[in-house]
Amino acid sequence: MNTAKYVAKRVVFMLLTFFIIISVCFILIRLLPNETPTMFGKDMELVLQSRYRQGLVDKQGNPIPLMAQYGKFIRNTLIGGNWGISEKLYRGQDCFEVFLKKLPNTVLVNLYASCLAVPLGLSLGIYAALKKNKWQDHAISTGIMVGISVPSYVYAFMIQYFLCFKLKLFPLVMEAGNDYFSGVMFRSMVPAVLAMSLGSIAYYARYTRAELTEVLTSEYLLLARTKGLTRAQTTVRHALRNAMVPIFPSIISEVILVMQGSIIIENIFVVPGVGNLMINSITALDYNFFLLLSAFYTLIGLTAGIVVDISYGIIDPRIRMGSKK
């Protein structure tokens, strides 16, 4: 099976899995009790029109059967892209438009966190592998265990207390607005970026140390040293290159999946992004937002799996994707 067929097959399975998950989410959400339009007061007509366009009620405002709702959900939402309006959080506003406005904040915070975590984590892992069983290795390994064991929200509270409250180096919460690349906005992002990146730094360092340590003790590197190559030459030319084959896909996966883990951090630092929006939609029982954001985070997780698999064949041409031999 060539690469194109393998990728096409994986995409089809991804879309099928996405369809099943979102269908289950839709059915479970629609089985929950929903407020009647009369409870929205002056916005009653707006809510009724939105529910009618989504296929949830008839023209008189009466709920239609669940399977009929599901059929219109497939046609209007998954195919037509109509996710409805917000009934509570941003009453009357289109859910997808609000989502697009919030998305840049989430992307930037996660991008900054990855830009900090990847080089720092790899550097610590490489240094620990080169100093194996020495005090530097033990110190880094201890820090790695702490970094992996402690939840990210604990780091968030510690950063808020020490860096924001005690030392007053940064604001407690992120600035609102759309001036994403201003100094004030970047400074307000730093606490959230630090809280997200600490766990990833530990993960990269541990994985890099484990892979590089194994490669450094392999026989072909010992042979290279006996042929006259220095330790630096064997490490840079051979060890790092081979160790990065399993490491690089894990970096891609972590960078993509870190957006799923930013929900709690965004809520703690009041980042005006989709993670904070997800928590608020659950609290307010704004079902349209919750369904849209569930689809978003599901798609992120499924996409990460495909990107990682494809990256193996790109990094190492010897790997034949989809081959049975």
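**Close-up 1. Helix α4 from end to end.** Helix α4 (residues 95-130) has 36 residues and spans 51 Å from first to last C-alpha, close to the 52 Å expected at 1.5 Å a residue (1.5 Å times one less than the number of residues). Helices here are DSSP runs of H or I, at least four residues, numbered from the N terminus, and strands are E runs of at least two. This is a predicted model, where local features need pLDDT of at least 70 and side-chain atom pairs pLDDT 80 or more, while totals for chains, interfaces and linings use all residues. Residues are numbered from 1 along each chain as its sequence is written, and side-chain values use heavy atoms, without hydrogens and water.

**Close-up 2. The start and the bend of α4.** A side-chain oxygen of D94 comes to within 3.0 Å of the backbone nitrogen of F96 at the start of α4. At K102, α4 bends by about 30°, with the proline P104 following within four residues; the bend is the angle between axes fitted to the seven residues ending there and the seven starting there.

**Close-up 3. Where α6 meets α7.** The contact (heavy atoms within 4.5 Å) brings together S152, Y155, A156, I159, L163 and C164 of α6 with P191, L194, A195 and L198 of α7.

Technical notes:
A polar contact is a pair of N or O atoms within 3.5 Å; within protein, one must be able to donate a hydrogen and the other to accept it, and residues adjacent in sequence count only if both atoms are side-chain atoms.
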